[in-house]
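Here is a short briefing on one protein model. Look over the sequence and the structure first.

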Amino acid sequence: MRVDIVSIFPEYFAPLDLSLIGKARASGTLRLAVHDLRTWTHDVHRTVDDTPYGGGPGMVMRPEPWGEALDALAPHELSPDGHTLPRLLVPSPAGVPFTQAMAHELAAESHLLFACGRYEGIDQRVLDHAAGRMRVTEVSLGDYVLFGGEVAVLVILEAVTRLLPGVLGNAGSLEEESHAHGLLEAPMYTKPATWRGHEVPEVLRSGDHGRIARWRRDEALLRTATRRPDMIAALPPESLDKRDRAA
Ligand code: ADE
């Protein structure tokens, strides 16, 4: 997968050299480039923002550098190697919620382009113009406001990269984890069996795979019902078996 990130703070993305994302880059699974938006400014101050039309506090990112950045990274003409246009993602508290389902959707793309806004965001015309030639999604991490899109891109990219083929050693962990089946994952334990007076539940040490699976499912349902009743309400009824209903 190819990923381009445009930001006025390229230094934010130094952690993308670390750990499994770093490995995915080294192996070529993830071809990532970070670009400084100010590359596409032409004045001595390398200006990227201005006051909002209509008034109000804060500053808005001017459209010109963004327009040039998107022209450079997503050219109007099809590239000679026939590559299609990227999917443009713009983190914003006003976006659609980022979910595990969206992470799967993005992991299937060949080219993602992230535009990191700062201040009060990017002039809306940049997104409207880009939508004439590529798919544009404003995406929100949650109902809170960050300084800018950079941290959101780190989060989204981590969720997406771990779904790329070959990145996780054990593909089974994708099957079991929280959100894989619309439920939160059951609690996990490792050695020692007793620690500071707390025991690992007996069932997990029983070796009885049927009982373990049932216990994990019950714990997942209980946790989800307590912490995320919205997720229980969204479960398709056919995904619950008779014993789930009893639980
Ligand atoms: N930029 C500022 N706040 C954000 C949020 N909650 N999600 C994504 N991008 C943001």
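The points below go from the whole chain to its cores, its ligand shell and one alanine.

This is a predicted model: local features need pLDDT of at least 70, side-chain atom pairs count only at pLDDT 80 or more, and totals for chains, interfaces and linings use all residues. Residues are numbered from 1 along each chain as its sequence is written.

**Overall build**
- The protein chain has 9 helices and 9 strands. These are DSSP runs, numbered from the N terminus: helices are H or I with at least four residues, strands are E with at least two.
- Domain 1 covers 2-161 and domain 2 covers 178-246. The bounds come from an automatic or database domain assignment.
- The centres of the two domains, taken over C-alpha atoms, lie 37 Å apart.
- Along its principal axes, the C-alpha trace spans about 70 × 45 × 40 Å.

**Nonpolar cores**
- A nonpolar core is a set of buried Ala, Val, Leu, Ile, Met, Phe, Trp, Tyr and Cys residues joined through C-beta atoms within 7 Å.
- Buried means 20 or more other C-beta atoms within 10 Å of a residue's own; exposed means 12 or fewer, and partly exposed is in between, with C-beta atoms placed from the backbone.
- The largest core has 36 residues, and Phe114, Ala115 and Ile156 have the most contacts inside it.
- Helix 5 (150-161) is among the elements that each supply at least two residues of this core. Its share, 5 residues, is the largest.
- Another core lies apart from it, with 5 residues, among them Leu184, Ala186, Ala220 and Leu221.
- Ala115 touches Val6, Trp66, Leu88, Val90 and Ile122, not counting residues up to four places away in sequence. Such a contact needs C-beta atoms, placed from the backbone, within 7 Å.

**Around the ligand**
- The residues around the ligand include Pro91, Ser92, Pro93, Tyr144 and Ala152.
- The shell has 7 nonpolar, 5 polar and no charged residues. Ala, Val, Leu, Ile, Met, Phe, Trp, Tyr, Cys and Pro count as nonpolar, Asp, Glu, Lys and Arg as charged, and the others, Gly among them, as polar.

**Alanine 193**
- Ala193 sits in the loop between helix 6 (172-176) and strand 8 (194-195).
- Why does Ala193 count as exposed? Because it has 12 other C-beta atoms within 10 Å.
- Ala193 touches Glu199, Val200 and Arg205, not counting residues up to four places away in sequence.

Note on methods:
A residue is near a molecule or strand if its C-beta atom, placed from the backbone, lies within 6 Å of it. Two residues are in contact if their C-beta atoms, placed from the backbone, lie within 7 Å.
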